[in-house]
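Morning, everyone. I will walk through one structure today, part by part. Please have the picture in view while I talk.

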Amino acid sequence: MTDSIKTDKVWQQDKNHFIHPYTDFSTFHEEGSQVITKAKGNFVSDSQGNTFLDGIAGLWCVNIGHGREDMADAIHKQITQMQYFNPFGHSTNAPASELAAEIAKRTPGDLNHVFFTSGGSVSNDSAFRIIHYYNNLRDKTTKKKIISRDSAYHGSTYFAANLTGIQATKSSFDSLGDELISYVSAADMYRRPIGAEQLTEDEYACFLANELENHILRLGADNVAAFILEPVMGAGGVLVAPKGYHKKCADICRKYDVLVVADEVVTAFGRLGQWFSSEAIFDFVPDVLITAKGINSGYIPLGATIISADIYRVISQPQCEGGVFSMGFTYSGHATACAAALKNFEILEQESLFDNVNKLGPYLQQTARETLLTNSIVGDVRGTGFMLAIDLVSNKQTKERLYQAQRVFEKCLEKGLIIRPVGNIIVISPPLTLTRDNIDSLISKLKEAIDEVSSEVLLGDNLDA
Ligand code: PLP
């Protein structure tokens, strides 16, 4: 079979049978998919022979870059030695136990106990199952309610989708109801809630923390189990909170015995230049920390729900009601996924990839701001470390959203760059191996693409066509 016939077959089978995540079926039915066939370093290629700079590290996850031989060797070695055996009850494997210990060395505070999963959504679901169980065991059986935030993204399982505050993800899907999960404002410096437009950064942080406190009081502190937040909101538009926000919120939660859950699925393992960002950058220690993605750079699915010593003490009491901690997955502590994570840690350290982010992150942010903000459809350019967003607007004064990120994405593809379009927002989250030259090329391609879209907008082109 020739390569092009093989590719046609892949394209057709995909169109006929593969249900893609987050896909617009109105165009998918006709156009099908771009078949990605190769991935190496900071680049990926498609079946047509086009090569692209990967501006999104697969999907915020391929931190060490694509197609690494050293990672392949580590995975191969583990598979030929002992690829998998279940960790239920008292059996274990070396990579899972070593990885749990390596994580515990690096987490903030006493977050020393790791429950492994296979991704971010499941880690979030697991967190809240554990939290409710923990509250039951300490006779706080009314503490069930969870507070999340508008524009938050926490995943796609039933529960995690309900933790998610992005309205566009909810149409026609059922909800668990606001009795269980409710939302406070996102910490959005660009589009602030009414009443907060003119506040200083510190005043705005207080405003948001007050909103959280009032929300807890309205629900009744005895009914509130936890507050969940991404240290930097990712899919919701790379929203960097006002300085001091996290600590203020965490202090309020402490006051009312409300647990703080930090969803670090994106912000851990170097994306912000640290192992974890909650304490190192944002000055708060969560009770539960969720992670996935960069934990093994996405080479094999893996996630983790990391809990404090206090939560572990309560849920691991031998005399606990029911006797057994009755939750776990076939792939909890999967030996090969954990071996990949250990190799990932080694590469992150040996290649000083956090230093690269700390050095080049400010250059990425500054170059993006200087180059893109002058365009009339760019309302905001924001981010930190290797997380960046460009907010498209039809009017800089009113900040009205311009839903043309998809169009920018298509133009970037023509120029050899992959970005992530989310409504009116362009998201960039490259591998941590990105070079200065890569950054220059990324920003110049992005500028060209945005300029083209902006000229078409000004010409009154039929943008929805
Ligand atoms: N939490 C955050 C902050 C995320 O960005 C994501 C995915 O992008 C998830 C959770 C869900 O992770 P997964 O897709 O691995 O289930």
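Start with two helices. This is a predicted model, and in it helix α4, residues 69–82, passes helix α11, residues 335–350, in a right-handed crossing. In general, a pair of packed helices is described by the angle between the axes and the distance between them. Here the angle is about 150 degrees and the axes are 9 Å apart.

Which residues meet in that packing? From α4 we have Asp70, Met71, Ala74, Ile75, Gln78, Ile79 and Met82, and they meet Ala335, Thr336, Ala339, Ala340, Lys343 and Ile347 in α11. By class, this contact between α4 and α11 has 9 nonpolar, 2 polar and 2 charged residues.

Now the domains. The chain is divided into domain 1, which takes 34–64 plus 352–458, and domain 2, which takes 71–350. Taken over C-alpha atoms, the centres of the two domains are 27 Å apart. Where they touch, domain 1 puts in 28 residues and domain 2 puts in 23.

Look at the domain 1 side of that contact. Several elements each supply at least two residues, including α3 (57–60), β11 (378–384) and β12 (387–395). Which element gives the most? That is α12, with 5 residues. By class, this side of domain 1 has 15 nonpolar, 9 polar and 4 charged residues.

Next, the sheets. Strands of a sheet pair through backbone hydrogen bonds, and the pairing is either parallel or antiparallel.

Alanine 262 stands opposite leucine 289 in β9.

Strand β1, residues 36–40, and strand β2, residues 43–46, pair in the antiparallel sense over 4 bridges. Isoleucine 36 has aspartate 46 in β2 as its bridge partner. The two strands form a hairpin with 2 residues between them, and glycine 41 in the turn has a positive phi of about 60 degrees.

On we go to β3. Strand β2 pairs with strand β3, residues 51–54, in the antiparallel sense over 3 bridges. In this pair, valine 44 has phenylalanine 52 in β3 as its bridge partner.

Last, the ligand. How many residues are around the ligand, and which come nearest? There are 14, and Gly119, Gly120, Ser121, Gly155 and Val265 come nearest. Helix α6, residues 120–137, gives the most to this shell, with 3 residues. By class, the shell has 5 nonpolar, 7 polar and 2 charged residues.

That is the end of the tour. Thank you.

Conventions
Residues numbered from 1 in each chain as written. Predicted model: local features only at pLDDT ≥ 70, side-chain atom pairs only at ≥ 80, totals over all residues. Pairing = 2+ DSSP bridges. Axes fitted to C-alpha atoms, helices over the stretch in contact; angles between N-to-C directions. Left-handed = near helix turned anticlockwise from the far one by under 90°. Contact = placed C-beta atoms within 7 Å. Nonpolar A, V, L, I, M, F, W, Y, C, P; charged D, E, K, R; others polar. Domains from an automatic or database assignment. Near = placed C-beta within 6 Å.
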